[in-house]
Amino acid sequence: MSQHASRKPWYGVPGEIAEVFRPHLDGVADEMIGEIQRGVPEYARPLDDAYVRMVRLAVEGALQQFVDLIDDPMASWKNVVDVYGEVGRLEAREGRSLDALQTALRLGARVAWRRLTEESERLNVSRQSLGMLAEAIFAFLDEIAAAATQGYTKAREEVAGELEHRRRRLLDMLLAEPPAGAQALADLARMAQWRVPRSVAAVVLYERGQDRFSHPSLPPDVLTDINRREPCLLVPDPDGPGRGQMLQTALRDWVAAVGPTVAITDAGKSLRWAREALLLARRGVIPDQGLIRAADHMPSLIIFKDEELVNAVAAKRLGPLLEVRPRHRERLAHTLLACLQNGFNATEVAARLHVHPQTVRYRLHQLEELFGEQLYDPDARLEFEIVLHVWIALAGEAAEPEPSAQVIALDGSRRKA
């Protein structure tokens, strides 16, 4: 506490009253402690010597400080501030609210006022002095409550910081490959106040657009680290009721990829697939709207794991398409992929491409001229379908590709992929 202005009510209380009450402080302290322990169960802990000493120190310190202020309004507040700051910190460390402390302060003030009133009547203290004394008691109560609140708030911030640090460490440990031992995970999870679930899914995030992003509002059981270079989450029981909608709502301002649901020891694998899905979404290979679930895009994820190999096969299998003018080349590529996926049924392919079946037959005739019998070779057809997926996706890729191997685009140009 800093020096107090003259408006503080204890400045007006006659100083001689302090000397009148000093001999009675021990008795008042005992009565206050008894009243507090009867009225506030949290403080009735006879087997906890440290806690009993803290309660007595707080009560006796407050009484002594109050009498000192009446005697000398400029008296130092340091000791009582330290004591009540420690009381507030202790309440926070034990996970309680300040309600019990506020109740204890009110009970103590009531006892103090009752005893002071009794002594004042016996000693013929004036009504005016008694009124100032009452005002001083409740103003003093506000001051020590403020000191306790300050200590409580500081401790809560420290506890929250420690807990957040432990949860980040736990997240790192869970996502590591190979995973940490079961006992180490259990110990850190307990310290981080996190219940170990049966299954998890990793989520990786990327800021959507250039505007300032909002910090996602997530349940406390979701381990989160938004401030790392690659923001990510670990979601317990991701397939439980409402979990998907919860993520969808909380991450609406992010591009978010969810890895497969796995056992807790395989969280790192879920993270690896989530990263792959996010990379393809950022390249435009798969849609980036809503939650990107890696499990829904496994063919693309697997195909794009080795683009160099797929590109080499594409150059071999799809080379004849380069003989066709660019615009028609794209139509033939989409038609061939649809034919492969629909068993060369012209009616189904036409419905998928929104064209007339005769158009499909015309294009198929052109494809037969380009590729010959290999078009219907069972071994070649799988390669055709795989490389067409990649070729078409890269042709429409919006993001700047990585500098590695070259790809023959649908327009016939060669560019890096």
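1. A cavity is a set of points, on a 1 Å grid over the protein atoms alone, where a 1.4 Å probe fits but cannot get out. In this predicted model, local features need pLDDT of at least 70, side-chain atom pairs count only at pLDDT 80 or more, and totals for chains, interfaces and linings use all residues. Residues are numbered from 1 along each chain as its sequence is written, and side-chain values use heavy atoms, without hydrogens and water.

2. The structure contains one cavity of 30 Å³ or more. The volume of the largest cavity is about 490 Å³, a volume being the space filled by probe spheres set on the points.

3. The largest cavity is lined by 35 residues, where lining residues have an atom within 4 Å of a point. Nearest its centre lie M32, V59, A62, Y84 and G108. The lining comprises 30 nonpolar, two polar and three charged residues; Ala, Val, Leu, Ile, Met, Phe, Trp, Tyr, Cys and Pro count as nonpolar, Asp, Glu, Lys and Arg as charged, and the others, Gly among them, as polar.

4. Helices are DSSP runs (H or I, at least four residues), numbered from the N terminus. At least two lining residues each come from α1 (16-21), α2 (25-39), α3 (49-71), α4 (78-93), α5 (99-122) and α6. The largest share, ten residues, belongs to α3.

5. Residues L163, R166, R169, L170, M173 and L174 of α6 meet A184, L185, L188, A189 and M191 of α7, contact meaning heavy atoms within 4.5 Å. By class, this contact of α6 with α7 has nine nonpolar, no polar and two charged residues.

Notes. 1 Å grid on protein atoms, 1.4 Å probe; cavity = no way out; pocket = protein on both sides within 12 Å on 5 of 7 lines; lining within 4 Å.
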